[in-house]
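Good morning, and thank you for coming.

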Amino acid sequence: MRSAFTKSHPVLNFLFFGSVVAFGMVFFHPVFLGVSFVAALAYSVRLRGRGTLRLMRYLLPTLLVVVFLGAAFNHYGVTTLFVLPNGNRVTLEAIVHSFATGGMVLTVFLWFTCYDAVVTSDKFLHVFGRVFPTGALLISMTLRFIPLLTRRMHKIFEGQKGIGYSGSKLRNALHALSILVTWSLENAVDVSDSMKSRGYGLRGRTSYTRFLWTRRDILLCAAILALDALTVAGVIVGQTRAMYNPFISLPAITPFSYVLYVGYALLCFMPLALDLTEEHKWNRSR
Amino acid sequence: MQRKPYLAAVSLALCFAAVMTGAFLLRDRSYYLISGLILLFACLPFAALFRRRRVKVRELVIVSVMAAIAVASRAAFYMLPTVKPLCAIAIITGLYLGEETGFMVGVLSMFLSNFLFGQGAWTPYQIFGMGFAVFVADVILRRFHLQEKRIAVAVVGGLCCFMLYGICADSCAVFAIAPTLEWKSVSSVLLTGIPFNLSHGAVTAIVLFFLNRPIGEKLERMCVKYDLFTEGEPA
Amino acid sequence: MEQIQIENLHFAYPLCADEALCGVDLTVHAGEYVALCGESGCGKTTLLRHLKNALTPAGKRVGTVRFCGTPITELDARTEAEKIGFVQQDPENAVVTDKVYHELAFGLESLGLGQSEMRLRVAEMASYFGIESWFESSTDTLSGGQLQLLNLASVMAMHPDVLLLDEPTSQLDPVAASDFLATIDRIHRELGLTVILTEHRLEDVLPCADRVVVLHRGRVAADCAPREIGAALSGELAFLRGSMPSAMRIYAGVGSSLPCPLTVCEGKRWLSDTICVSEPVRRELPDDKSDGVPAVRMREVFFTYEKQSPDVLRGLTMDVPQGKVFALLGGNGAGKSTALKAAAGLLKPYRGKVELLGRDVKKIPQKELYRQFAAVLPQQVRTLFTEKTVRLELETIDRDQADAIAERLHLTAFLDKHPYDVSGGEQQRVALGKVLLTKPKLLFLDEPTKGMDSAFKESFGKLLRELCASGATVFMVSHDVEFCARVADRCAMLFDGVLAADAPTVPFFSNNTFYTTAANRIARHVFPDAITDEDVIALCRENRI
């Protein structure tokens, strides 16, 4: 699938996910929650298709359980809907509050599914490598070793079986793990020789990257920062506050509120919009 | 890489400060945001270590290999899917190569394990929890020279894994699910995590019991053969 | 210009009484291609590592090594990293990062080059070595040949003046090995690089090399052009014969005043000039009727690793006769190893029947199957090592027989060493010892000669023959055509999941045109049934001009 956002510069990806996840974690206001949830769901479905829908089959019931538990155990609020047999009240406020909590968790969860799909290991390492080059190298090396050692593990199982080693499942696994440690530690010397012979340890190490900045990336980064600033302004004037205890109270809606809503929507839907525009252009160009 | 526990201690202190700020100052439920900060602080020892002095290439490779083994060990127990020996391997590494190394292996392997099996808001909590549990277990065991007492290692390691890692990892669920930060709702969430954490702790203890010496001997052999993780400055 | 000058170099490993190098003198000029050869343990790897300071082993050292006039110990680390490239044996350990492009740039990052310079060099390397199509892949998805090529490209990106290669093809299959050596030859010809290479498979190296340096017990035993080695092979360099190309071995065995041939093509021409036969000489073949129950009987075996992926074995039907050495040959990915594992009961086919000595393998209990019945020597023998010393390795299997087997496999000298502290060939022997201690009636060997030197290959072949003589059956899977021709009683070729050919060894090879031994290719126009060097030599002697 053509995904313009996925192919953008990693810094742009990080900036975006940093923004939406941070906002997603603190906003309880229904409008902000709703916008972010719809955007996250839509983008996740676009990126992962059936995967996300299958995931929702598990997540939505979980959300309902959270709401149910919240409503059953919390008895604050002024609007009593009904009274449970044990004398506890079930209130509208508690239900709405639980809904908001669950929705927030779900939204952040969905944003992370998008993050997983967009930010691949090389993108992560590009950004991380700017700050901690050695740490990034360590991660890259470990990412190389994990599949290699996993394969070795299976070879060890086979090798041991072929000369008649057999014990309980636990014993077999521990035995194999111990062999793997010896094998891999001894190989570590060859690995470090290979690094040394290619000059690892010289002063002034740089880091190679495949990612280049384009004008569009820079513009989009600026746009995200501007929208972030707008939203933070909204936070400062109290437009994003929401109270559910003891009664539901939302800030008064002013013209600025609409500006904020639109701004936040632009932010959240940005990758999806980018993808769709590019796909449209591409289809037309054929 | 060894004998500089203050770095990890600073990192741990900062993480706690972040958690506390979240819990008490930002009372309108921004606990979630704190996750990001924790991740940042957990990285601190990494950054500082590698900036401060040159780690020997072989030490770097060994850290990477041990972390990879910790993650790949899942494959060893593919027939016993509940067994995840990651924590045990990080603790063993720390016992013989220093608690800071153990901390790094714990953090690195937990991070990559999340990287491969899906990340979420829980990632920072798990990373921090793992580093914390491994570090504390190693400090206790090394302080009292119990590295070679397999029962002590199994008990301390298992307990640290159960208590420290369990609580840290579950606090993510606490912040997410518990409607209010009141003792009743917090404890109910934590209680539901106990069976899982108990089994994780028990597995860690079992793996430590059986593998502490076999793996330890191999790590010691490497250190002696190639003069690694010693106190002197590298050549 | 003298680029590398070694003067009277002595070296001894710590705690080792004998010197690994005793008084080596060697001069290498810029742009030379030097093949460094000798038996295992002759000091060739040690010598090669002395040419790169970062990799020089610890120990007692006397004498000097100069690089462009400067003693190598005084060379600054940056120049050394840049100008002296080193490619090591096992590419699995040489590749350190998770992405191909990152690996290519690894050395450039160390040198601290700028982004645009790195981009250019990476682009150059990727196109020169044909890496473009897998440039973005994870290194985990590459084959052994690709990994070694990547390793080479990553070293070449640093623009070295000298390229050192330590047995770079020992872990590769023959096709990948030839490709790799062809690439080295191309680098040498097109870029004029100095190449110093150690190798025990010299077939593809000698025709390209300018010079051969032979090390023997830490001393330079010969230093001459490849062709001149041929004449000395029947004399003072006889120990080297095993690792030389077939053409040279036949030449040395027959003896001739003509110049020594290096390749199959030259060998063929030389043979025509040396012998005189009017028509091809055929030979009476011994009857190969085996009776009784086959040791392994496979009937229409189907196997696949994953439900969705194509079948690896597609109805394989095969009989392995009892008391024989049976070799299964085939290219990469033909399913040889899979066939072996299915036969040994390590993999369960989803259809078809496997019988070992007349018993259905599915019905033999695990414990019985791999105790005194069948045993498998895996490709990676390190998967078998669990203990702290070689002695313990053997004793965990059978305490009483351990000494006897150690004696038989010449392991006594290093019984108290850690299994990882002994050389590759020795590890192979230890593993074999472990496997033999289970007293198998059926021995399964997966690629047993990988990384073995010719001397040990010979004694290993003898050992297999002895085992068969004592009634055991050997089933091996191999790429090594020469070894199979020498040792096996019967060979089969697997292709596309089924057998393409199955015959006693001599007719098997004499019927093939490409997939046969070098000796057979040299002599097939006159001696179609001669498949080993010894056969050809014997026939040549009979039919000399």
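I begin with a pair of strands in chain C. Strand β1 (residues 2-12) of chain C and strand β4 (residues 60-67) of chain C run antiparallel and are joined by seven bridges. Helices (H or I, at least four residues) and strands (E, at least two) are DSSP runs, numbered from the N terminus. Within this pair, I4(C) has F67(C) of β4(C) as its bridge partner.

A word on the basis of what you see: this is a predicted model, in which local features need pLDDT of at least 70 and side-chain atom pairs count only at pLDDT 80 or more, while totals for chains, interfaces and linings use all residues. Residues are numbered from 1 along each chain as its sequence is written, and chains are lettered from A and ligands numbered from 1 in the order in which they are written.

The two strands belong to an open sheet of four strands in chain C, with the order β2-β1-β4-β5 and antiparallel pairing; two strands pair if DSSP finds at least two bridges between them. At its edges are β2 (21-29) and β5 (70-71) of chain C, each of which pairs on one side only.

Let us now take chain C as a whole. Its secondary structure comprises 20 helices and 20 strands. Chain C has a radius of gyration of 25 Å, close to the 24 Å given by the globule rule for 545 residues, so it is as compact as a globular protein of that length. The radius is taken over C-alpha atoms, and the rule is 2.2 Å times the number of residues to the power 0.38. The C-alpha trace of chain C spans about 70 × 60 × 50 Å along its principal axes.

Of the 545 residues of chain C, 51% count as buried (20 or more other C-beta atoms within 10 Å of the residue's own, with C-beta atoms placed from the backbone). Helix α11 (residues 336-343) of chain C is mostly covered, with seven of its eight residues buried; among them are K336(C), T338(C) and K341(C). After α11(C) comes G345(C), with a positive phi, near 80°.

How is chain C divided into domains? The assignment, which is of automatic or database origin, gives domain 1 (2-224) and domain 2 (296-517). Their C-alpha centres lie 33 Å apart. Nine residues from domain 1 of chain C and 10 residues from domain 2 of chain C make up the contact, where two residues are in contact if their C-beta atoms, placed from the backbone, lie within 7 Å.

Which residues have the most contacts inside the largest nonpolar core? They are A133(B) and F444(C), in a core of 310 residues. Such a core is a set of buried Ala, Val, Leu, Ile, Met, Phe, Trp, Tyr and Cys residues joined through C-beta atoms within 7 Å. Helix α4 (residues 57-76) of chain B gives the most to this core, 15 residues. Both domain 1 (2-224) and domain 2 (296-517) of chain C supply at least three residues to this core.

Finally, the interface of chains A and B: the contact takes 51 residues from chain A and 48 residues from chain B. On the side of chain A that touches chain B, α7(A) provides the largest share, 18 residues. Thank you; I welcome your questions.

Technical notes. Buried ≥ 20, exposed ≤ 12 C-beta atoms within 10 Å, placed from the backbone.
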